[in-house]
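Please look at the sequence and the model shown below, and keep both in view while reading. The report starts with one residue and then widens to the whole chain.

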Amino acid sequence: MNENLNKEIENKNNFSNTGIFVKKNFLNENKFKKLLNESENIFNNKIDNSTLGAQATTFKPNFFSITCPTLSINLNLFEIAIDILDEMKNLDIKFTKDNFELTNIDILKDTTKELFWHTDNTKDFYRAFIYLKGGKKDSGAFKCMVGTHMRDYEVNHKLSSEIIKRKNLESKIVVCDYEPGSLIVADINAFHSNSIKKNDRIIMIFDYQRKDINIGGSFLPIKTTDITNKVINNLNLFSFKGSNENKRHHGIEKRLNNIGNTTKPNAILLRSVARYFKEKIKFW
């Protein structure tokens, strides 16, 4: 690991070579506090369904997501997505609302183990992360091997220790240990991972992909109050119609299609509820 790489990824002029960019203090204090407080309220009251979408879904232990954040968070997440794209325009002129579209918004909370090194094997697909809580070396800091988005060899998905050693990839590792409110934009064709989460991590995720490649994503429900002039002037960014039938495994669309409901519960929903109560019992 080379900590000097952090200075490189904080320079927008290096993005084409590194495949990753970090902007500190992307969110102002008021916006940051509101997003964190509203997210924690939903995560701490997991099956409170008083607000549409204000429900935490879990597909595995210690990993939760807000079912439909665009409806339940009382802040315009679509305007934040526009602000992120504006930041991305400074990295490469190709990032415009006519060339790229937003395909997912997620808010996640987890205290899971370190994620293995892998690639999503995607071209023209970029993921933006905003730390709301954690993001340090012991609370889920994003990790990336700089420059590996341009590699000339193939890896199916998971990166083996043999390839790491043979390609000297240890020297390319950068750990995005930054304060909450920071923005990270990454080409996830690069090898990436995250650190162990001894403490809670809450993170926002925005996915952008080149139009018409449809390699997976989710439709994005919107509140009428969020249809502001800013959103209207950037409608091309929100042209994604949802995944093909065989690709409904991302974000909001995955949760609404797979989790089931209380009138027709399935095994996933029942396991989710069991996890909720198991966690609450710890504090009784």
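## A loop residue and its patch

Leu235 is found in the loop that runs between helix H7 (229–232) and helix H8 (251–258), where helices (H or I, at least four residues) and strands (E, at least two) are DSSP runs numbered from the N terminus. Leu235 counts as partly exposed because its relative accessibility is 48%; buried means under 20% relative accessible area, exposed over 50%, and partly exposed in between, with a 1.4 Å probe and protein chains only.

Together with Ile222, Ile227 and Ile232, Leu235 forms a nonpolar patch on the surface, with about 330 Å² of accessible area in total. Such a patch is made of residues with over 30% relative accessible area and no salt bridge, whose nonpolar side chains (Val, Leu, Ile, Met, Phe, Trp, Tyr) are joined within 5 Å; a salt bridge is a side-chain nitrogen of Lys or Arg within 4 Å of a carboxyl oxygen of Asp or Glu.

Residues are numbered from 1 along each chain as its sequence is written, and side-chain values use heavy atoms, leaving out hydrogens and water.

The mean pLDDT (the predictor's confidence in each residue, from 0 to 100) is 86 for the protein, and 80% of the residues reach 70 or more. Over residues 47–51, however, pLDDT stays under 50. Where pLDDT is low, the predicted coordinates should not be read in detail.

The protein has nine helices and eleven strands, and of its 284 residues 51% are buried.

Asn168, in the loop between helix H6 (161–166) and strand E8 (173–176), has a phi near 55 degrees, which is a positive value in a residue other than glycine. Asp212 also is not a glycine, yet has a positive phi of about 80 degrees; Asp212 lies in the loop between E11 and H7 and is exposed, with a relative accessible area of 75%.

Definitions and conventions: Patches are made of residues with over 30% relative accessible area and no salt bridge: like charges are joined within 9 Å, nonpolar side chains (Val, Leu, Ile, Met, Phe, Trp, Tyr) within 5 Å. Accessible areas come from the Shrake-Rupley method with a 1.4 Å probe; for residues, only the protein chains shown count as cover. Contact means heavy atoms within 4.5 Å.
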